[in-house]
Amino acid sequence: MKTDATLAGAPADCAKLMAEAEARQLDRALVTESAHDPFQLLAVAARSTSRIELGTGVAIAFARTPMTLAYSGWTLHALSDGRAVIGLGSQVRAHVVRRFGMPWSRPAVRMREFVLATRAIWDCWQHDTKLDFQGAFTTHTLMPQPFNPGPLPYDPPRLLVAAVGPRMAETAGSVGDGIICHPFATPQHLREQVLPAVYEARAASEREGAAWTTRTFEVCGGVLAAVGRTDRELEQAIEGVRERIAFYGATPGYEAVLASLGCSDLHAELHGLSRQTRWQEMGRLIDDDLLHAMAVVGTPAQAARELTDRYDGVLDRVSLALSRRADPVTALETLTELRALSSP
C-alpha cells in the first residue's frame, strides 16, 4: 500500500509537516478542507517539497463550480511540477446550503457532471479543444484566450471522488481516477458494500473507451487509528477515537456501517445524544469490540502491522484518521513503519 499523510492544523504547522512527510519518503501529503483553504496550503508546500504528491483530501466540490476548481487545480499542478492530486467530496446538504450558500440536489449525479465538466475544461486548456460542456447543473461554453492558462508539460491532475454510499461509489468508479473511502468503514464493509459498485462502474467506462481509463484506478482510504507512543498517549488516543466513532455513528448517512456490524440500535441512541451535544457520553457507548472493529489500535509499529493485515489487498493507498487531539507526528511515524513493512 502507498502511504498518504493527512495533515491539518495551523497553516505554518501544516507546511512543516508536509516537508517532514516528504523527508520520511511518504508518497502523498493530503490537506482537508476544514478551517483553511487546502489549495493555498498545498501551494505553499509545493515550494518546500520536490517529490511528494500534493492532494486535497478532500476539497468540497459543491462549494465551487467546475471552472473555479479547474483553475485552482491547474495552478497547483503548475506550481508543483505536476504533483497535484484533486480529491473531491460532496459534503452534506446542511454545509453546502447553509455554510457555503450553494445549491444541493442529487449529489451523486451532480458529482458525476462536476467531474466531467472539469475534465472538459482541462482538455480545452491542454489540447486547445473547443469548450462546449452543457449539462443539467452547469454549462461552460466560453474560454477566451486571455483566460486560458494553456497546456502543461504533464498530464492533468488526477481527480478522485470520496464516497460512502453505493451511488457515489458508482460515480467514483465511472468518472474518477480513484475513490477515497471514508474512515468510518471496515474492510468487510468496503469489500462487500462499497467496492463492487466501484469496480462494476469502472469496467463499464473501460468498455466504453473513456479517455481517463488509461490511468490506473486508485482505491484510497482513511483508517481510524488510535495510536500512542506511550501508555498515556495511547489511552488518550483511544478515548478520542471512541468519540470520533460515536460522532460518525450518530450521522444517518453512516448508519449502514453500524448495521453491517449488528449495531443498528446504537445509531438511534447516538443520534439522540448528538442532538443534545452530549459528546463524551456518546464516546463511552463505543465498547472495545466496536473500537477494534472500526480502528487500528496500538503503538506506531503495532498499528502499522494491523493496517497491513487488515487492508492489504483492499486499499491501494492508506491514510490515517486520528483523534482530533492527537499529535500528527504519530501518524507520520505509523506511516513510516507501514512503508518499511511494504518495502522489498
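In this tour, "contact" means heavy atoms within 4.5 Å. Keep that in mind as you click around, and remember that this is a predicted model.

**Stop 1: Met 168**

Start by selecting Met 168, which sits in helix α6 (residues 166-175). Is Met 168 buried or exposed? Its relative accessible area is 10%, and buried means under 20%, so Met 168 counts as buried. Now show what surrounds Met 168. Leaving aside neighbours within four places in sequence, Met 168 is in contact with Ser 90, Pro 107, Ala 108, Met 111, Val 161, Ala 162 and Ala 163. Pick out Ser 90 from that group: Ser 90 and Met 168 are 78 residues apart along the sequence, yet their C-alpha atoms are 9.2 Å apart in space.

**Stop 2: along helix α5**

Next, select residues 107-127, which make up helix α5, and go to Gln 126 within that helix. Gln 126 is buried, at 15% relative accessible area. Follow the side chain of Gln 126 and you'll find that it reaches the backbone nitrogen of Leu 152 at 2.8 Å. Setting aside neighbours within four places in sequence, Gln 126 touches Trp 74, Pro 151, Leu 152 and Tyr 154.

Stay in α5 and click on Asp 123. This residue is partly exposed, with a relative accessible area of 32%. Which side chain does the side chain of Asp 123 meet in a polar contact? Thr 129 is the partner, at 3.0 Å. Beyond four places in sequence, Asp 123 is in contact with Asp 128 and Thr 129.

**Stop 3: a pocket beside Asp 123**

Asp 123 and Pro 156 turn up again in the lining of the second largest pocket. About 320 Å³ of space lies in this pocket. Of the 13 residues that line the second largest pocket, those closest to its centre are Arg 119, Asp 123, Pro 156, Ala 211 and Trp 212. Colour the lining by class and you get five nonpolar, three polar and five charged residues.

**Stop 4**

The largest cavity has a volume of about 60 Å³. You've already met Ala 163 among the contacts of Met 168. Helix α7 (residues 187-207) gives the largest share of this lining, three residues. By class, the lining has eight nonpolar, two polar and no charged residues.

Move on to the second largest cavity, at about 40 Å³. Its lining is made of Cys 181, His 182, Ala 185, Leu 190, Gly 221, Gly 222, Val 223, Tyr 311 and Leu 315. Here the largest share, three residues, comes from strand β9 (residues 218-227). The lining has six nonpolar, three polar and no charged residues.

**Stop 5: helix α10, end on**

Select residues 264-274, helix α10, and colour the buried residues Leu 266, His 267, Leu 270, Leu 273 and Ser 274. Turn the view so that you look down the axis of α10: the buried residues fall within an arc of 135°, so they line one face of the helix. Why does such a spacing put residues on one side? An α-helix has 3.6 residues a turn, so residues three or four places apart point the same way. The buried residues of α10 pack against α8 (231-249), α9 (255-260), α11 (279-283) and α12 (288-294). On the face turned away from the buried side, look for the exposed residues Asp 265 and Ala 268.

**Stop 6**

Most residues other than glycine have a negative phi, and most peptide bonds are trans.

- Thr 277, in the loop between α10 and α11, has a positive phi near 55°. Thr 277 is exposed, at 53% relative accessible area.
- Arg 106, in the loop between α4 (93-99) and α5, has a positive phi near 40°. Arg 106 counts as exposed, at 55% relative accessibility.
- The peptide bond from Gly 57 to Val 58 is cis, with omega near 10°. Val 58 belongs to strand β3 (residues 53-60).

Terms used
Residues are numbered from 1 along each chain as its sequence is written. This is a predicted model: local features need pLDDT of at least 70, side-chain atom pairs count only at pLDDT 80 or more; totals for chains, interfaces and linings use all residues. Side-chain values use heavy atoms; hydrogens and water are left out. Buried means under 20% relative accessible area, exposed over 50%, partly exposed in between (1.4 Å probe, protein chains only). Helices (H or I, at least four residues) and strands (E, at least two) are DSSP runs, numbered from the N terminus. The arc is that of the directions from the helix axis to the C-beta atoms. A polar contact is a pair of N or O atoms within 3.5 Å; within protein, one must be able to donate a hydrogen and the other to accept it, and residues adjacent in sequence count only if both atoms are side-chain atoms. On a 1 Å grid over the protein atoms alone, a cavity is a set of points where a 1.4 Å probe fits but cannot get out, and a pocket is an open set with protein on both sides within 12 Å along at least five of seven lines; lining residues have an atom within 4 Å of a point. Grid points are joined across faces, edges and corners, and a volume is the space filled by probe spheres set on the points. Ala, Val, Leu, Ile, Met, Phe, Trp, Tyr, Cys and Pro count as nonpolar, Asp, Glu, Lys and Arg as charged, and the others, Gly among them, as polar.
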